[in-house]
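Subject: Handover of a model

Hello,

Here is the structure you will be taking over. My notes follow below it.

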Amino acid sequence: MIEIKDLHKSYKMGSNSLHVLKGINFNVQEGELVSIMGSSGSGKSTLLNILGMLDEADSGSYTLDGLPIKNLNEKIAARYRNKFLGFIFQSFNLISYKSALDNVALPLYYQGVKSKERLDVAMSYLEKVGLADWAGHLPNELSGGQKQRVAIARALASNPKVLLADEPTGALDTKTSYEVMDLIQGINDEGRTILIVTHEHDIAEMTRRIVNLKDGVIIDDSKVNQVRALSNV
Amino acid sequence: MFSKDNWSEIIEALTSNWFRTVLTAFGVLWGIFILVILLAAGKGLENGVKQGFGGMATNSMFMWAQTPSKPYKGLPKGRRYNFKTGDVEAIKQNVPNLRFVSPRNQLGGFGGANNVVRGLKTGAFNVYGDYPEVIQQEPMDITSGRFINYSDIEDNRKVAIIGEGVIKDMYDPGEDIIGSYIKINGVNFMVIGSYKKKGNNGNPEENQKQIFVPFTAFSQAFNMADNVGWMAITAEDGSSITSLKTQVFDVIKSRHSLHPEDDRAIGNFDLYEEFSKINGLFVALKAVAYFVGILVLLSGIIGISNIMLIVVKERTNEIGVRRALGATPWNIRGQILMESIFLTIISGMAGIVLATGVIALVNMQLEGVDTSTMMFANPSVDLGVVFVALSILIISGLLAGLIPAQNAIKIQPVDALRTE
């Protein structure tokens with residue numbers, strides 16, 4: 001599903017440049033649940049941004065489901081993001097003046113789906129994350145766990161090939177974290193490819209494969225025995 | 001771009017901060033309000049002044065014979081001559097695009113000796129010998145009876161149309177005037193109608209103290225032979241009397257052996273020229289109204305632009321999320337532009353409505369009042385002005401949104417999401 005070869009990325013910080021990714025080689029098969037770990041500054045967020053087409057690599061190749069991702073203009077990048085990727089953020093990033101339902105429907109809005117159909121689809125995803133009763137509520141009327149579940153529903157709404165989660169449990173307490181992870185595991189069980197960036201070991205243990213990043217290179221990439229989140233709740 | 005979804009997006013975004021939206025909108029509302037009110041006030045002044053012309057055919061001039069200042073064809077300067085009735089036909093035939101050529105004779109006048117007698121009453125009035133067309137050049141309301149017609153002219157009927165002022169002086173209140181006789185310089189004329197003049201040019205009171213009789217009867221009764229005192233000439237709409245009058249003068253000059261370059265031999269008053277000057281004033285007034293109005297509007301527009309900049313800044317995160325979810329740069333730019341245009345148009349419309357409300361109020365107040373002496377009447381804006389204002393609004397909304405929209409698409413999703 002994802003193929004990355006010899007990826008380099010550096011940032012210009014004034015006069016000196018910061019070499020963040022130093023040759024990453026990395027493949028993800030369809031249906032995998034991968035966690036990317038590393039201390040802050042290891043380049044894991046940068047890697048996720050490149051995977052999410054929010055940022056572009058300096059060199060190296062990135063192929064998503066057979067499509068080379070290279071030199072995209074903004075318009076095409078936006079379309080690819082909309083069609084292929086679903087984002088889950090640490091700080092949820094729900095639009096504050098839109099109801100939960102409208103938030104979930106937003107990716108479909110940018111696909112040009114008709115209003116009625118859009119809301120139907122959004123509703124079905126809200127049901128999936130167990131928040132159908134909260135559809136009309138604004139984000140600030142929801143708890144942190146609920147917000148993240150709305151965000152997950154939103155990421156799923158456009159039926160993307162890959163879910164990218166940047167510290168999805170970073171702003172949640174342990175119990176809610178596990179609930180959210182349970183949801184993510186459930187989605188993965190249905191065959192969806194999911195990448196999670198995290199620095200929490202217990203969260204990483206709940207994925208099927210852990211990729212360790214340090215100073216811009218992968219130091220370890222191993223499959224693990226998945227710990228079911230539900231058993232920890 | 002104009003789908004229902006888009007509108008609900010825009011309205012959602014604008015209503016998320018009501019108070020600020022209203023405050024911002026007020027700037028534009030105020031600008032367009034001032035613009036419309038200024039234009040309406042200018043129009044009111046224009047209406048008032050033009051009302052002063054009393055609906056007179058403004059494309060007219062009056063001309064009369066003066067003494068020649070140059071000798072010509074053996075005739076000396078300083079001699080006296082008169083227009084003749086034949087001149088009228090000659091002008092009509094030789095000069096195109098003239099609507100009316102009315103010869104006029106006049107008797108008596110303000111401050112003159114008493115020239116009209118009826119029973120025991122006497123009075124001094126202006127008496128005019130006229131053709132029926134005069135009523136179109138110098139409009140008056142016929143309050144009873146009728147005006148002169150061509151039968152009167154052909155039959156030399158001794159009939160008269162008298163003003164309201166004459167009636168007041170010469171008749172007892174309630175007396176029937178039609179069919180009564182008045183004696184003008186010793187000659188009896190039958191009264192067949194009365195008039196009331198509009199407008200306030202000249203002396204409004206004196207204007208009502210005039211007597212009109214048929215030109216031919218006047219000439220016969222008062223021994224004018226074929227002399228013509230002066231002429232009122234009106235050009236067709238679409239050609240100005242100012243450009244035609246030299247041709248008229250040329251006809252007169254050749255018929256009366258006047259030196260072709262003797263401009264002093266014929267006196268004239270060009271109403272159109274005077275009118276054009278006043279018109280120029282109103283054009284200037286309108287320009288000032290637009291200038292001031294648009295400047296005030298501009299400050300409102302800058303307010304909107306400012307707020308949109310803040311909105312973009314505030315929604316950096318939201319815009320980043322939208323980009324991550326698949327919004328193209330045009331989606332974002334379009335939304336910011338539409339928000340700005342929408343806000344401008346809505347507040348502008350409110351301003352127009354408010355201004356027309358105020359104008360309607362003023363008109364209501366003016367309704368009962370006689371505006372003829374106020375130089376101000378019926379302030380109004382026509383639909384054209386509203387359309388101009390609307391297009392100004394759309395363009396300015398677009399301009400107001402342009403910089404903020406450009407700022408918005410400069411936001412990279414990564415940066416936006418990193419602001420936490």
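Start with the contact between the chains. In it, 19 residues of chain B are in contact with 21 residues of chain A. Contact here means that the C-beta atoms of two residues, placed from the backbone, lie within 7 Å. On chain B, α1 (4-15), α11, α12 and α14 (413-417) each supply at least two residues of the side that touches chain A. The largest share of that side, 5 residues, comes from α11(B). By class, the side of chain B that touches chain A divides into 8 nonpolar, 5 polar and 6 charged residues. Ala, Val, Leu, Ile, Met, Phe, Trp, Tyr, Cys and Pro count as nonpolar, Asp, Glu, Lys and Arg as charged, and the others, Gly among them, as polar.

Some ground rules. This is a predicted model, in which local features need pLDDT of at least 70 and side-chain atom pairs count only at pLDDT 80 or more, while totals for chains, interfaces and linings use all residues. Residues are numbered from 1 along each chain as its sequence is written, and chains are lettered from A and ligands numbered from 1 in the order in which they are written.

Chain B overall

Chain B has 14 helices and 14 strands. These are DSSP runs numbered from the N terminus: H or I over at least four residues for helices, E over at least two for strands. Of the 420 residues in chain B, 37% are buried. Buried means 20 or more other C-beta atoms within 10 Å of the residue's own; exposed means 12 or fewer, and partly exposed lies in between, with C-beta atoms placed from the backbone. Among contacts in chain B with a separation of 6 or more, 83% are between residues 24 or more positions apart.

Helices of chain B

Back to α11(B), residues 316-324. This helix is mostly covered, with 8 of its 9 residues buried. The buried ones include B:Ile319, B:Val321, B:Arg322 and B:Arg323. After α11(B) comes B:Gly326, with a positive phi near 115 degrees.

Helices α10 (residues 271-314) and α12 (residues 329-367) of chain B pack at an angle of about 145 degrees, with axes 11 Å apart. Axes are lines fitted to C-alpha atoms, for helices over the stretch in contact; angles run from 0 to 180 degrees between N-to-C directions. The crossing of α10(B) past α12(B) is right-handed. From α10(B), B:Ile304, B:Met308 and B:Val312 take part. They meet B:Ile336, B:Glu339, B:Ser340, B:Leu343 and B:Thr344 of α12(B). This contact has 5 nonpolar, 2 polar and 1 charged residues.

Cores

How many residues are in the largest nonpolar core? It has 114, and those with the most contacts inside it are A:Val104, A:Leu195, B:Ile32 and B:Val36. A nonpolar core is a set of buried Ala, Val, Leu, Ile, Met, Phe, Trp, Tyr and Cys residues joined through C-beta atoms within 7 Å. Helix α2 (residues 18-52) of chain B gives the largest share of this core, 12 residues. Leaving aside neighbours within four places in sequence, B:Ile32 is in contact with B:Leu297, B:Gly348, B:Gly351, B:Ile352, B:Ala389 and B:Leu393. A second, separate core has 48 residues, among them B:Tyr128, B:Ile161, B:Ala217 and B:Ala221.

Strands

Chain A has an open sheet of 6 strands in the order β6-β7-β8-β3-β9-β10, with mixed pairing. Strands pair if DSSP finds at least two bridges between them. β6 (85-88) and β10 (217-223) of chain A are at the edges with a single partner strand each, so one side of each has no neighbour in the sheet. Neighbouring strands of this sheet are turned by 15 degrees on average, direction ignored.

β3 (residues 33-37) and β9 (residues 209-214) of chain A are parallel, over 4 bridges. A:Val34 has A:Arg209 as its bridge partner, and A:Met37 stands opposite A:Asn212. β9(A) and β10(A) run antiparallel, joined by 6 bridges. Their hairpin has 2 residues between the strands, and A:Asp215 takes a positive phi near 50 degrees there.

In chain B, β3 (residues 98-107) pairs antiparallel with β13 (residues 230-235) over 6 bridges. 3 bridges join β3(B) to β6 (residues 126-130) of chain B, also antiparallel. There B:Gln106 stands opposite B:Tyr128.

Best wishes

Methods. Left-handed = near helix turned anticlockwise from the far one by under 90°.
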